[in-house]
Amino acid sequence: MQLVVARIGRAHGIKGEVTVEVRTDEPELRLAPGAVLATDPSSAGPLTIATGRVHSGRLLLRFEGVADRTAAEALRNTLLIAEVDPDEVPEDPEEFYDHQLIDLDVVTRDGTPVGRIAEVSHLPYQDLLIVKRPDGAEVMIPFVSEIVPEIDLEEQRAVVDPPPGLLDPAQAEIASSREDT
């Protein structure tokens with residue numbers, strides 16, 4: 001099975017390095033020197049990682065055959081894709097691959113059906129579960145332990161404990177208003 005593990009950003013310097021937006025919890029495994037990765041678009045790859053380093057909190061990679069800034073800039077926005085055994089699971093029991101989460105039933109703590117996970121959106125500061133409601137609407141649920149306390153892969157369900165207003169905007173609580181001041 002193929003998993004997107006990173007997206008190439010802009011070129012860094014003049015020797016072919018690129019910034020990388022990491023999309024895996026295991027970058028030391030998936031983005032290590034020597035790793036061969038498929039690409040999207042496929043015409044850009046496959047790419048073999050020559051070196052990797054962290055600079056100012058960002059991962060920088062250099063690929064074999066990419067020796068200058070022009071070649072590096074041509075790779076911008078390319079997705080890096082790793083081949084992963086579908087039965088493989090992350091080492092940390094609190095981590096999940098996207099394919100494990102897609103199509104899980106989502107229910108509240110009291111068992112009320114919410115919908116089904118359609119997509120996992122990876123944002124810079126947290127991931128979102130995009131849940132398709134039975135009526136066809138979508139709701140975005142932050143994938144944090146306070147809101148998603150349980151993922152049960154055997155039962156194929158995710159349990160959520162949403163704050164007021166997350167699932168139904170009419171139930172939102174207003175903490176304060178400008179008129180209070």
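The following legends accompany close-up views of a predicted model of one protein chain.

**View 1. Overall form of the protein chain.** The protein chain contains three helices and 12 strands. Its radius of gyration is 20 Å, well over the 16 Å that the globule rule gives for 181 residues, so the chain is more spread out than a compact globule. Taken along the principal axes, the C-alpha atoms fill a box of roughly 55 × 50 × 30 Å. Buried residues account for 35% of the 181 residues. The chain exposes about 11,100 Å², and carbon and sulfur atoms supply 49% of that area. Of the contacts between residues at least 6 apart in sequence, 47% join residues at least 24 apart.

**View 2. The largest nonpolar core.** This core has 22 residues, and Leu31, Leu61, Phe63 and Leu80 touch the most other members. At least two core residues come from each of strand 1 (2-12), strand 2 (17-22), strand 4 (47-55), strand 5 (58-63) and strand 6 (79-83). Strand 1 gives the largest share of this core, with five residues.

**View 3. The surroundings of Phe63.** Residues up to four places away in sequence are not counted in this view. With that exclusion, Phe63 touches Ile8, Val18, Leu47, Thr48, Ile49, Ala50, Leu75 and Leu80. Both Phe63 and Leu80 are among the residues that touch the most other members of the largest nonpolar core.

**View 4. Strand 12 and its pairing with strands 7 and 11.** Strand 7 (residues 105-108) and strand 12 (residues 157-160) run parallel and are joined by four bridges. In this pairing, Val106 stands opposite Ala158 of strand 12. Strand 11 (residues 150-152) pairs with strand 12 in the antiparallel sense, over three bridges. Here Glu150 stands opposite Val159 of strand 12. Strands 11 and 12 form a hairpin, with four residues between them. Within the turn, Gln156 has a positive phi of about 55°.

View 5. Most peptide bonds are trans. The bond from Asp40 to Pro41, by contrast, is cis, and its omega is near 10°. Pro41 is placed in the loop between strand 3 (36-40) and strand 4.

**View 6. Ser56, a loop residue with positive phi.** Most residues other than glycine have a negative phi. Ser56, however, has a positive phi, near 50°. This residue lies in the loop between strand 4 and strand 5. Ser56 has a relative accessible area of 70%, which is over 50%, so the residue is classed as exposed.

**View 7. Asn77, a further loop residue with positive phi.** The phi of Asn77 is near 70°, a positive value in a residue other than glycine. Asn77 belongs to the loop between helix 2 (69-73) and strand 6. The relative accessible area of Asn77 is 49%, which lies between the 20% and 50% limits, so Asn77 is classed as partly exposed.

Definitions and conventions: Residues numbered from 1 in each chain as written. Predicted model: local features only at pLDDT ≥ 70, side-chain atom pairs only at ≥ 80, totals over all residues. Heavy atoms only, no water. Pairing = 2+ DSSP bridges. Core = buried A, V, L, I, M, F, W, Y, C linked by side-chain atoms within 4.5 Å. Buried < 20%, exposed > 50% of the residue type's maximum accessible area, 1.4 Å probe, protein only. Contact = heavy atoms within 4.5 Å. Rg over C-alpha atoms; globule rule 2.2 N^0.38 Å. Areas by Shrake-Rupley, 256 points an atom, 1.4 Å probe, with all protein chains shown as cover.
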